[in-house]
Amino acid sequence: MRSLFRIIRRYSLTVGLIILIILVSNGCLLAGILYFTAGQEGVKRYSRMSLEMMEQIGEELGKTKAGGIETKDGKTISQELYVLSEKGYQTLETSEFVWAMALNQEGETVWQWNLPPEIPKQYTIQDVAKFTRWYLQGYPVKVLISSDLLLVFGCDPNLISRFSLFISSGFVKHVPAYGKIVVLINLLVIILFILFFGYRFYGSMGPIAQGIEDLAAQKPVYLKEKGTIGELAGKLNETSRLLLSQNEALARRDFARTEWIAGVSHDIRTPLSLIVGHSDRLAKDESLTVENRMLAENIRRQSLIIRQLIADLNLTSKLAYQAQPLKKSRFLPACLVRSCVSDFYNEGLETGKDGEYEFEIITDDEMEQIQIEADEGLVMRALRNLLGNSIRHNPKGCQVTISLKRQSDFLVFLVEDTGSGIPEKVVDNMANPESPIHIMGLRLTEQIARAHGGKLEFIRRSGGGYDAGLWLPRQKNPC
């Protein structure tokens, strides 16, 4: 699982990298937009916040009586002085400004508040033009014309920065279009990354997927053990080698078992034939007592059962490993059913403890004309197993009904009886080869059906038990 964790970790990091690249690209794009727009808009926003305070301070700044200033040559120059009201000072204290001053028309400072010593008291028109657009002695400033004064407010340079940016009106008009372009670029970048990494992921995982498919098809897997999936490829290669080794061992075992069953069947056939023959002669010998003739007949019947079981065992072994070739021919299923029922009667159908066994065949004109192409001997064996199953599970006697029906492209041999039907435990153990329940006949019937491309179906009764249906591919042809 470490290789899987490594793959997940790698592609998680890849996804994170994609997101980071998109965020960085958007950040750069946003920085570019802010470079053209945010500075000026920030100034305007900041101005709107402080404009009201500046206007209030201008309203609270009033004139005093004219004073005089004596010059170097002994002359006296009159000068108007200004005083800020208490309310104005409160407004200054609560504002973001660190100092303030008022200049008259001549550029002289006629009022000041917290003015740093490095700030000049006299300004020319050029000086005013410079600091109103930029900084005054390192302080970003705000100005407001109030009556005949120019109010200058200094801001803290550690909190406020000032930029002088100009944006064309055409750019502002096209901002919505630029926004759409940004979204499209983001989508394009995402799609490109998805395609790129998806292609790389497919390229790296493609051999693994093919290896899994080959493994499921029991084909040898040889993957290159390198890169991110190297460990996972190695596990698949190892699994393939183990499966191939196990399949070879199973094939050798199955072949040996098939050969052993065939050999035992051949060795038993001769002595079993002698037992059947001698017991049949003894059963017909009138010089023996009735009891001894009945014992001989029982020996004959049980010997026939043993011979049938050996034949079934040999056949089911060959069908399981596809060692039994199908000898297909075209025949009439209706005729096959009647022949099978006749064989049961001719072989001496046993009488139940409380009743007899009867067979009923249900068919119609269409079923009489239908032919199928199959191994007639195997189909006869399968049908005999179904009929014998009904007899075996109903020792008190019953009526067995064989119906021929058409279902789409299949012909169905439906076998029903008036007895208990096939027990549920038998149906439940059909897929369990280790089941102690004797169901070799039904398993053989299912193998014969599958070998022909059909199936064995169990139909549940309302009162318990099951009936059986043998499905075989059909061909519709006249007799």
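Is D280 buried, partly exposed or exposed? I looked this up before anything else. D280 counts as partly exposed, at 24% relative accessibility. My cut-offs: buried is under 20% relative accessible area, exposed is over 50%, and partly exposed lies in between (1.4 Å probe, protein chains only).

**Ground rules**

I am working with a predicted model, where local features need pLDDT of at least 70 and side-chain atom pairs count only at pLDDT 80 or more, while totals for chains, interfaces and linings use all residues. I number residues from 1 along each chain as its sequence is written, and side-chain values use heavy atoms, with hydrogens and water left out.

**Whole chain**

I noted 13 helices and 17 strands in the protein chain. Both are DSSP runs numbered from the N terminus: helices are H or I with at least four residues, strands are E with at least two. The protein chain has 479 residues, and 34% of them count as buried. I then turned to contacts, meaning heavy atoms within 4.5 Å. Among contacts in the protein chain with a separation of 6 or more, 63% come from residues 24 or more positions apart.

**Salt bridges**

I counted a salt bridge where a side-chain nitrogen of Lys or Arg is within 4 Å of a carboxyl oxygen of Asp or Glu. The count comes to 9 salt bridges.

I went back to D280. Its side chain meets that of R300 in a salt bridge, 3.8 Å from N to O. The two sit in distant parts of the chain, 20 residues apart: D280 in helix α7 (residues 230-284) and R300 in helix α8 (residues 290-320). R300 is buried, at a relative accessible area of 16%.

R300 also forms a salt bridge with E297, at 2.5 Å from N to O. R300 and E297 are 3 residues apart in helix α8, so about one helical turn separates them. An α-helix has 3.6 residues a turn, so residues three or four places apart point the same way. E297 is buried too, with a relative accessible area of 18%. I recorded a network of salt bridges here, linking D280, K284, E297 and R300.

I checked another pair, E424 and R460. Their side chains meet in a salt bridge of 3.6 Å, N to O. E424 lies in helix α12 (residues 424-428) and R460 in strand β15 (residues 455-460), so this pair ties together parts 36 residues apart in sequence. E424 is partly exposed, at 39%. R460 is partly exposed as well, at 48%.

**The five-stranded sheet**

What is the strand order of the open sheet of 5 strands? I read β11-β13-β14-β16-β15, with mixed pairing. β11 (358-362) and β15 stand at the edges with a single partner strand each, so one side of each has no neighbour in the sheet. Neighbouring strands are turned by 20° against each other on average, direction ignored.

I took strands as paired if DSSP finds at least two bridges between them. Strand β13 (residues 399-407) and strand β14 (residues 410-417) are antiparallel over 8 bridges. T401 stands opposite E416 in β14.

Helix α11 packs on the sheet and touches β11, β13, β14, β15 and β16 (466-473). The direction of α11 makes about 20° with that of β14. For such angles, axes are lines fitted to C-alpha atoms, for helices over the stretch in contact, and values run from 0 to 180 degrees between N-to-C directions. Helix α13 (residues 440-451) packs on the sheet as well, touching β15 and β16. Its direction makes about 125° with that of β15.

**Helix α11**

How many residues of α11 are buried? I found 12 of its 17, so to speak a mostly covered helix. Among the buried residues are L378, M380, L383 and I391. At the start of α11, a side-chain oxygen of D375 reaches to within 3.2 Å of the backbone nitrogen of G377.

**Strands β10 and β12**

I found strand β12 (residues 370-375) mostly covered, with 5 of its 6 residues buried. Strand β10 (residues 328-331) runs antiparallel to β12, joined by 4 bridges. S329 stands opposite A374 in β12.

**T91**

My last stop was T91, in helix α3 (residues 86-93). T91 counts as buried, at 11% relative accessibility. Leaving out residues up to four places away in sequence, T91 touches M53, Q56 and I57.

Key
Polar contact = N/O pair within 3.5 Å; in protein donor to acceptor, adjacent residues only side chain to side chain.
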